[in-house]
Protein chains: 2
Amino acid sequence: MTVSKSADVGVAKPARSSRKENGEAAGESAALQLGELSELLGYSLKRAQLRVFEDFLKCVAPLQLTPAQFSVLLLLERNPGRNQTEIANTLGILRPNFVSMLDGLESRDLCTRMRSTNDRRSHILVLTEKGRAVLARAKKLVATRHEARLNELLGPANRAALLDMLAKIAREF
Amino acid sequence: MTVSKSADVGVAKPARSSRKENGEAAGESAALQLGELSELLGYSLKRAQLRVFEDFLKCVAPLQLTPAQFSVLLLLERNPGRNQTEIANTLGILRPNFVSMLDGLESRDLCTRMRSTNDRRSHILVLTEKGRAVLARAKKLVATRHEARLNELLGPANRAALLDMLAKIAREF
DNA sequence: AGATAATTGTTATCCAATATATCAAAAGCC
DNA sequence: GGCTTTTGATATATTGGATAACAATTATCT
């Protein structure tokens, strides 16, 4: 039996049906067939990821945090005493790019660079008081607005299974 | 009971452990704790997506096709007689950005823009012979190298469940 | 029919994320 | 003390994604 001839895609946004909500009219004759596209794990992965990030942004909008920024704050809280390279590497952010990112967080007084006493090359990253407070609020928003809805949509068991598989792909694929 | 305080992240690449493969030495004291990060669906989604796209690129490298390009060719094959706006919208690509993408495909003789006889504003997109051939080869590469490995990693049932959940998120979340 | 609005493909930009090369300061190694 | 490596930083290139505007064409409305 033909297994899966799927593949991958590059997606951007859900694509709003140009202005007419219900049926269709002018040039929009009928819905296109995704066909084998819907069997491509990469395609669905990307679309789901975009959707989830979009929702995250919306949920945390009051705190003006991007997913990337939130992940940095989370890592700093969990791993005190680390330097830029370590944090950046863990998140898969390149060091040069991490600099301006930290500039942004530091300018908002969410974290601070402290010169290490052992190694005066490196900067130890520490959450400020405000950083901890913002992170705490962000966690609540994410939990109650964002992840809760995902949990609701999928069900707890499925959500856990999904998370496991995604982690496995990231780790072992 | 505390449900899920997870959230989202911005990830880039797996972050190779700066040159020493096995244990660790100089500044790299110990592995950082991901902590709540590993409970964030968005984080795992992004990392998995990057990993899958990376593998896709590698598998289809001989044909020099990106996931996005592959998805366009797939859509064209499945939906003949459509114009740029329709294809772009379906893939979530903005029309302005789709122009240069098509330029690329057309310059490689993979597809052609044909003026529509009904509506002389629009371009009907058609796969060329070469386009069909390349697409066919790409499908095989993707199926045998890429998706087959994913199938192997997750198992057919899990893979199907994963795909379902991702599609559900993209559709209903 | 004629005026007005909408659609299509396109160009020109803009912004953000990502990637590489390079550098000075500081440590590590022989 | 010299050579290499590491760290944070700067500059820069590339890419993906987003908006504004435009000419040509088509649709709509009166």
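**Notebook: loops, helices and confidence**

I began with Asp109(B), which is partly exposed at 41% relative accessible area (buried is under 20%, exposed over 50%, partly exposed in between; 1.4 Å probe, protein chains only). I found Asp109(B) in the loop between helix H4 (95-107) and strand S1 (111-115) of chain B (DSSP runs numbered from the N terminus: helices H or I, at least four residues; strands E, at least two). Asp109(B) is not a glycine, yet I read a positive phi of about 60° for it.

I noted that this is a predicted model, in which local features need pLDDT of at least 70 and side-chain atom pairs count only at pLDDT 80 or more, while totals for chains, interfaces and linings use all residues. Residues are numbered from 1 along each chain as its sequence is written, chains are lettered from A and ligands numbered from 1 in the order written, and side-chain values use heavy atoms, without hydrogens and water.

I then turned to Gln64(A), another residue other than glycine with a positive phi, near 55°. Gln64(A) lies in the loop between helix H1 (41-59) and H2 of chain A, and its relative accessible area of 57% makes it exposed.

Next I looked up Arg82(A), in the loop between helix H2 (67-78) and helix H3 (84-91) of chain A. Arg82(A) counts as buried, at 12% relative accessibility. I recorded 9.5 Å between the C-alpha atoms of Arg82(A) and Ser116(A), which stand 34 residues apart along the chain.

In chain B I checked Gln49(B), a residue of helix H1 (residues 41-59). Gln49(B) is buried, with 4% relative accessibility. Leaving aside residues up to four places away in sequence, I listed Leu45(A), Lys46(A) and Gln49(A) as residues that Gln49(B) touches (contact: heavy atoms within 4.5 Å).

I also examined H5 (residues 129-154) and H6 (residues 156-172) of chain A, whose axes come within 6 Å and cross at roughly 105°. H5(A) and H6(A) are therefore roughly perpendicular to each other (65 to 115 degrees). From H5(A), Glu147(A), Asn151(A) and Leu154(A) meet Pro156(A), Asn158(A), Arg159(A) and Leu162(A) of H6(A).

Last, I reviewed confidence. Chain A has a mean pLDDT of 87, with 83% of its residues at 70 or more (pLDDT: the predictor's confidence in each residue, from 0 to 100). Residues 1-10 of chain A have pLDDT below 50, and I noted 50 contacts for this stretch beyond near neighbours in sequence. Over residues 12-28 of chain A, pLDDT stays under 50, and the model has 19 contacts there beyond four places in sequence.

Notes
Axes fitted to C-alpha atoms, helices over the stretch in contact; angles between N-to-C directions. Parallel < 35°, antiparallel > 145°, perpendicular 65-115°, else oblique.
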